[in-house]
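Subject: Structure handover: pockets, cavities and salt bridges

Dear colleague,

Please find the structure below.

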Amino acid sequence: MTTLQHICIAGGGTAGWMTAAALANRLPHSHYRITLVESAQIGTVGVGESTIPHIRQFNSALGITEDEFIAATSATCKLGIEFTDWGKVGESYIHPFGELGKPLAGIEFHHLWQAASLQGLDVPIESFSVAAVAARQRKFSPPHASREHLLSTYTYAYHLDASAYARFLRDYAEQRQVIRVEAQIREVKRDHEGGPITALSLDNGEQISADWFIDCTGFRSLLIGDYSQAEFIDWSEWLKTNRAVVLPCEKDGPSRPYTKAMARDAGWQWQIPLQHRIGNGYVYCSDYISDEEAEHTLRSTLPGEALADVRFLDFKAGCRKQLWVQNCVAIGLSAGFLEPLESTSIFLIQMGIAKFLEHLPGTHNDAARNQYNRELTEQYQVIRDFIILHYYLTQRHDTPFWRDCQAMTLPDSLTELILAFRDSGLVDKKQYGLWPAVCIGQHLHPKQVDSRVAAIPPQQLIGILNQLKSDIAAQVATLPNMDDYLSSLVAQTPLQKSGMRAGGQV
């Protein structure tokens, strides 16, 4: 007879229910039993979420169709992020999902664009991104199936209601035998000091024993921090923001298929368009601005009427030195926090789940734990460096916050990447995000370009790029507006036909 392995997930929210849904989908019920403990009395951080394209892989692996997901979460599609006032005040650029232009003779496109610009081409690099051009025009359609087509050169993600997504995944998980226990955790039990967790004692008198414990308790880090004593590595010397004020508002018109990230005096403000509202927040450093000033800035720049009271959140950028200790694995905010500038929160949850499933052994294994910790820590560091890049490359001198961002001493890993791009346009393939879009968008241009570009006559190169720009504009013109695309998609779902909206509201 097979002995059942019991996995207990502490905490719900997006992290907990993503974990439960993925484990229930992947692990055989004949070998594993899954329990999730959460309490409605403990709130979640969810304020509306902006994601990156990997979420589509997660949903697809679970067999979730796009139409049911979009209907259930009031989601809109996302082609990238617009950064306003980050380089210089009055400027904006888009970090798109997908390719910038097309390579020529094996030469990466940003080298071609840089050379053509020095020879007289006066066209922003984002004009060569289908995703960026479509985003500016509020157009959207899924990428073309043929890899030879210009409309295949981009990908997309979603803006979604995180709380609705958690409810949706809860239904999914419970239909697949995940047991939900409504209770608060009172005590974490061990056989001996420093040993593995043996059980959770709950305020309802129940005690849950398990083989594995997944900490999804958010910033509280109840298991990995308080009881497993995993050290927290503080990255606030580079990522200075430590507070956010959030406030949803009414929509201001047709949906934008991109997130807005607008630099402010002491941080930045987001706008995340959902089908029924816009999520707003001001991420700031309390050393440079008061809560009252931050709230005033947010309220005075809302694109529509406020729909709720403001909420304030505290956080600190950083990561646990070990995300897997003994039989406890931290996933989500309990593992670490990187501010939402590049929309990586759900992606890091997804990575934690995927790597845990890769390394999940029948018995506890030091090699698996060590590899998991190394891989996840590296992923956090790669994204950390990319976020720091945005702050460091600013050319703003108008406030103490931005002057201090320019003056900070960088991690060695980021210094090397910046020098490689500045000197010769080199981009490490392992890096997160589209580096040329952010670097060039904030005025870091390569001093030298690929030597092979010299073989292309200047006017021929400019002609090739102008033709590509025209071709992209012509193809984007054939796409529908995003709201029209969403309306046709959502109208097909049983959820919408029954008159229900996300969260069960009629």
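A pocket here is an open set of points on a 1 Å grid over the protein atoms alone, with protein on both sides within 12 Å along at least five of seven lines; a cavity is a set of points where a 1.4 Å probe fits but cannot get out, and lining residues have an atom within 4 Å of a point. Grid points are joined across faces, edges and corners, and a volume is the space filled by probe spheres set on the points.

The model is predicted: local features need pLDDT of at least 70, side-chain atom pairs count only at pLDDT 80 or more, and totals for chains, interfaces and linings use all residues. Residues are numbered from 1 along each chain as its sequence is written, and side-chain values use heavy atoms, with hydrogens and water left out.

Two or more lining residues come from each of α2 (54-61), β6 (92-96), α4 (109-118) and α13 (435-441); α2 gives the most, with three. Helices (H or I, at least four residues) and strands (E, at least two) are DSSP runs, numbered from the N terminus.

Cavities

Searching the whole structure gives two cavities of 30 Å³ or more. The largest has a volume of about 40 Å³ and is lined by Leu 417, Ala 420, Leu 426, Val 427, Asp 428, Gln 431 and Trp 435.

Salt bridges

There are 22 salt bridges in the whole structure, each a side-chain nitrogen of Lys or Arg within 4 Å of a carboxyl oxygen of Asp or Glu. In one of them, Arg 180 pairs with Glu 38, the closest N and O atoms being 2.6 Å apart. This pair links strand β8 (residues 179-182) to strand β2 (residues 32-38), across 142 residues. Glu 38 is buried at 14% relative accessibility, while Arg 180 is partly exposed at 23% (buried is under 20% relative accessible area, exposed over 50%, partly exposed in between, with a 1.4 Å probe and protein chains only).

Lys 260 and Glu 82 form another, at 2.7 Å between the closest N and O atoms. Lys 260 lies in strand β15 (residues 259-264) and Glu 82 in strand β5 (residues 80-84), 178 residues apart. Both residues are buried.

Regards
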